[in-house]
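These notebook entries record what I looked up about the pockets of one protein model. I wished to know where open space lies and what surrounds it.

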Amino acid sequence: INYESVKKLGLATAQNAIGKYLIAPIGMNEAGLVFGKMEIIGVTPDIYFQSPKKPIRAEVYLLAPERYHVLAVKYDGKPQAIASSLERVWKTFTNSVPFQYEFVDDSIAAEFKAERDISIMLAVFSLITVIVACLGLYGLAAFTAERRTKEIGIRKVLGAGVLDIVHLLVVQFSKPVVIANLIAWPLVSWAMLRWLENFPYRIDSLLLIPFCVGAGLISLVIAWLTVSAHAVKVARTNPIKALRHE
């Protein structure tokens with residue numbers, strides 16, 4: 001049996017399960033189901049055989065050589081070479097039954113395919129969103145700098161340096177980014193918690209807080225780099241040209 005079966009049977013530890021007996025149906029006759037007494041001889045770790053959205057089941061593995069239907073092979077080496085070798089051995093026993101096989105890692109990976117596809121899709125759309133947002137920020141920074149040309153020129157005449165001008169514009173654009181994060185965090189947390197409800201095992205909800213803060217810091221850094229790229233160019237402009245422009 002597996003560890004989940006140990007829990008379902010109410011046994012304290014795996015060691016306590018060894019030597020115990022289970023009464024279960026083992027076949028049928030004219031009178032109906034035939035029950036047998038089966039001794040527990042080992043406890044195996046819990047293994048995922050199904051989708052991660054389903055909890056691990058209590059499993060019972062029967063040691064009955066006469067009832068084998070599936071052969072599991074543990075191997076070292078190249079998978080296809082092993083499969084070809086097994087097929088040759090199979091054909092020495094029968095040619096009427098086709099040799100069919102599958103790899104356990106492929107079967108398990110198929111159960112995670114939907115989640116993997118969703119993660120790829122979200123990553124692509126997130127990247128597109130970040131690029132569009134950066135273009136918007138850059139355009140807004142250029143527009144703002146154009147409107148404040150005279151102000152920037154006067155500040156430079158009065159002794160403001162390049163870093164002062166960059167700091168002025170960066171702080172101005174940081175405020176809407178921070179406000180956007182404060183609006184997005186509750187919505188994202190709600191959506192993530194709803195998604196996590198599909199899984200029997202999930203992280204602590206409080207762990208979403210550092211993820212949100214981390215995402216906020218990354219968005220601020222991206223905004224700073226985008227705005228700074230244009231702010232440095234504007235700050236280095238000769239103030240005489242700025243004042244003459246007005």
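Entry 1. I began with the term itself: a pocket is an open set of grid points where a 1.4 Å probe fits, with protein on both sides within 12 Å along at least five of seven lines. I noted that the model is predicted. Rolling a probe the size of a water molecule over the atoms shows where empty space is left.

Entry 2. I looked up the largest pocket and found about 2,100 Å³ of space in it. Its lining has 45 residues, and those closest to the centre are His 69, Val 70, Leu 71, Ala 72 and Val 73. Which elements give two or more residues to this lining? I listed strand 1 (21-29), strand 2 (32-39), helix 3 (79-91) and helix 4 (104-111). Helix 3 provides the largest share, 6 residues. Sorted by class, the lining of the largest pocket holds 33 nonpolar, 6 polar and 6 charged residues.

Entry 3. I then turned to the second largest pocket, whose volume is about 840 Å³. I recorded 27 lining residues, with Ser 126, Val 130, Val 188, Ala 215 and Ser 219 closest to the centre. At least two lining residues come from each of helix 5 (113-147), helix 7 (162-196) and helix 8 (208-235). Which helix gives the most to the lining of the second largest pocket? I found that helix 5 does, with 10 residues. By class, I noted 20 nonpolar, 6 polar and 1 charged residues in the lining of this second largest pocket.

Conventions. Residues numbered from 1 in each chain as written. Predicted model: local features only at pLDDT ≥ 70, side-chain atom pairs only at ≥ 80, totals over all residues. Heavy atoms only, no water. 1 Å grid on protein atoms, 1.4 Å probe; cavity = no way out; pocket = protein on both sides within 12 Å on 5 of 7 lines; lining within 4 Å. Points joined across faces, edges and corners; volume = space filled by probe spheres on them. Helix = DSSP H or I, 4+ residues; strand = E, 2+ residues; numbered from the N terminus. Nonpolar A, V, L, I, M, F, W, Y, C, P; charged D, E, K, R; others polar.
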